Amino acid sequence: MSRSRRALLAAAVVAAAAAVPLTGGPAGAAPPAGAAPVDDRQQQYAAAATEYGVPESVLLGVSYLESRWDTHAGAPSTSGGYGPLHLTDAAHVAALPASHHVDEGEDPRGDTSRPMTVTTPAAAPAADGPDAASLRTIQAAATLTGADVEALRSDPVTNIRGGAALLAAYQRELGGPVGAGTDPGAWYGAVARYSGADTEETAAAFADEVYAQIREGASRRTDDGHQVTLAARAVSPREDALHRLGLRRAERPDGLECPVGLGCEWIPAPYEQYGPGAGDYGNHDLGNRPAQQKIEYIVIHDTEGYYGPSVGLVQQADYLGWHYTLRSVDGHVAQHIKAKDVGWQAGNWYVNAKSIGIEHEGFAGHGTWYTEAMYRTSAKLVRYLAHKFNIPLDRQHIIGHDNVPGTVASTVAGMHWDPGPYWDWSHYFDLLKAPFRTTGTKRTGLVTIDPDFAANRPAFYGCNQQPPGVPDPPPPAEPCPLRGSSAVILHSAPSHDAPLVNDLGERPDGSPDTMYISDHGARASAGQTYAVAEVRGDWTAIWYLGQKAWFHNPPSAPTAKWATGFVVTPKPGKATIPVYGRAYPEQDAYPSGVPYQTISPLQYTFPAGQRYAVGGILPSEYYRAVTFDGSSPGDWTVVRGDLRYVQVQFGHRIMYVNLDDVLVLPSPVGAPR
């Protein structure tokens with residue numbers, strides 16, 4: 001989101017949060033004065049459940065669906081939710097600076113045959129969203145418990161009590177039974193309301209997830225070191241109370257591409273002409289995928305702004321378009337573009353033409369966190385799309401915006417870095433039911449990055465300090481709070497004191513990359529697979545952007561899993577081969593009237609002797625779409641050539657090499673011993 005949108009976003013959230021707290025008196029008294037504190041988190045949940053008359057399994061289940069019982073050190077989620085029970089205080093976080101959905105003058109279409117310059121659009125009305133009360137539940141919890149708002153934000157015990165009090169109050173308002181020993185199934189309506197959803201479908205989807213978790217059970221250690229267990233138990237939720245919540249029914253027309261059981265609605269992005277020229281249209285292109293062209297990728301974005309204004313932007317014809325937006329507080333899904341059509345979302349036309357773009361309400365570099373409700377909804381949506389379009393559930397095809405390469409050398413530095421190092425890729429793939437597994441040994445030549453997310457806390461700096469077009473923030477650059485991360489830091493030698501490796505596309509002078517939050521040129525991310533170059537003690541080197549890149553990988557606390565697969569290396573006799581950001585056809589493949597799209601290499605070098613993990617072998621393709629009505633020669637057709645390309649994990653971003661330039665080998669062949 002552009003900086004000029006900041007005031008609009010803050011105002012929208014403040015307005016939404018200006019609510020009257022939940023009516024009704026306290027659901028229970030505060031603990032007796034002088035009572036000894038309970039240090040065990042499991043017992044803290046049990047005590048709150050007893051105090052406010054909530055079945056413990058319901059309280060644990062709701063908390064798990066909100067935060068997985070984590071505290072996030074008192075930091076808010078994108079939707080302003082705090083603590084294990086995600087008590088919302090949106091007004092408190094409304095002043096967070098918005099970053100950039102797209103920079104001024106950037107080309108999100110990424111098609112050099114018709115460069116697109118994005119200007120800051122006029123203010124768009126925010127989309128419908130949760131009512132104000134659901135974005136300020138912390139005030140209601142304070143009224144119900146008598147606790148201080150700051151304690152509800154920062155103290156887990158107080159936060160859990162606040163969540164229990166809210167659940168009990170919701171249950172009373174619905175006329176349901178209250179008591180720790182009541183049937184958990186009778187709390188379905190209160191659980192649905194706790195989601196904060198404004199539609200029946202999304203509220204039901206949240207409640208269904210809670211009850212599925214109760215039936216399945218769960219046990220994990222929280223981010224502040226407490227072991228918590230939800231014992232599996234049979235439960236039959238009574239869903240009749242859902243209709244008494246008075247929620248709206250979302251528009252779900254025939255043809256909505258969303259799995260059954262997910263709260264989705266259709267909020268279309270416009271395909272409209274806004275100027276006199278045939279190319280003055282937006283904000284996506286018509287297509288006929290997958291019949292005309294296979295969908296290879298699903299691109300995970302964050303909005304760098306709040307849900308309502310972001311959905312407002314995608315409804316403007318002179319802006320850019322993506323396929324889905326997900327809301328943080330409840331995981332609600334809005335679809336904007338049909339999968340058959342091509343969104344202008346990834347900044348690389350080759351990737352745009354072969355991908356579906358999903359925006360998640362959130363910020364890559366702020367102190368906020370992505371909610372469990374949104375992770376789960378996103379995983380269900382991606383599984384559905386991957387099955388429908390035969391997209392492999394791996395990190396070669398389910399990619400972040402930060403993994404999309406620049407189209408040509410001049411565009412590399414301007415590519416995006418969302419969803420950022422705090423997106424939990426390992427947990428996300430667990431939810432996708434495609435967990436990262438060990439498939440090899442130290443002799444099989446590949447590693448899949450997979451650090452312990454909670455324990456892996458790189459010392460980034462410059463959060464909330466991302467000036468446009470500047471690789472590093474002006475001094476002083478403040479350290480970011482230490483938080484769990486999917487990113488593994490890459491050094492130029494096997495030492496924590498060694499400089500980081502260089503990303504030539506970001507730093508053409510050859511200087512080392514940095515720990516600045518958006519400077520991801522010296523990072524590998526969970527799920528990405530690389531060829532091993534060397535192992536030395538507790539350090540592993542991978543081939544990365546034409547060089548050895550070292551990361552700490554001790555056997556006692558590994559940050560990667562041994563893997564096997566295929567690699568490419570330059571054919572004998574080739575000292576180096578070019579690397580590309582798009583897999584375009586040769587010139588002879590273009591029909592008359594369709595301009596040739598230059599096969600232009602990136603600035604990186606792939607020398608002989610190096611090896612890179614294969615992500616697939618792809619045809620050379622260029623989707624021609626440059627006019628609103630298809631009147632230009634070759635419009636709405638796919639140009640295909642004889643060239644074939646190999647997708648490789650060349651750096652943090654995927655890239656492509658000409659199949660004719662490389663040998664494709666099983667990873668153990670020639671692997672370091």
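Buried means under 20% relative accessible area, exposed over 50%, and partly exposed in between (1.4 Å probe, protein chains only). This is a predicted model, in which local features need pLDDT of at least 70 and side-chain atom pairs count only at pLDDT 80 or more, while totals for chains, interfaces and linings use all residues. Residues are numbered from 1 along each chain as its sequence is written, and side-chain values use heavy atoms, with hydrogens and water left out.

**View 1. Salt bridge between K354 and E621.** A salt bridge is a side-chain nitrogen of Lys or Arg within 4 Å of a carboxyl oxygen of Asp or Glu. Here the N to O distance is 2.8 Å. K354 sits in the loop between helix 11 (349–353) and strand 13 (355–360), and E621 in strand 25 (residues 612–624), 267 residues apart. Helices (H or I, at least four residues) and strands (E, at least two) are DSSP runs, numbered from the N terminus. K354 is buried at 1% relative accessibility, and E621 is buried at 4%.

**View 2. Salt bridge between R41 and D224.** The side chains meet at 2.8 Å, N to O. R41 belongs to helix 2 (residues 41–52) and D224 to the loop between strand 3 (218–221) and strand 4 (227–230), so the pair ties together parts 183 residues apart in sequence. R41 is buried, with a relative accessible area of 3%, whereas D224 is partly exposed at 34%.

**View 3. Salt bridge between D111 and R114.** The N to O distance is 3.4 Å. Both residues, D111 and R114, are buried.

**View 4. A salt-bridge network.** D198, R248, E265, R327 and D330 are linked by salt bridges.
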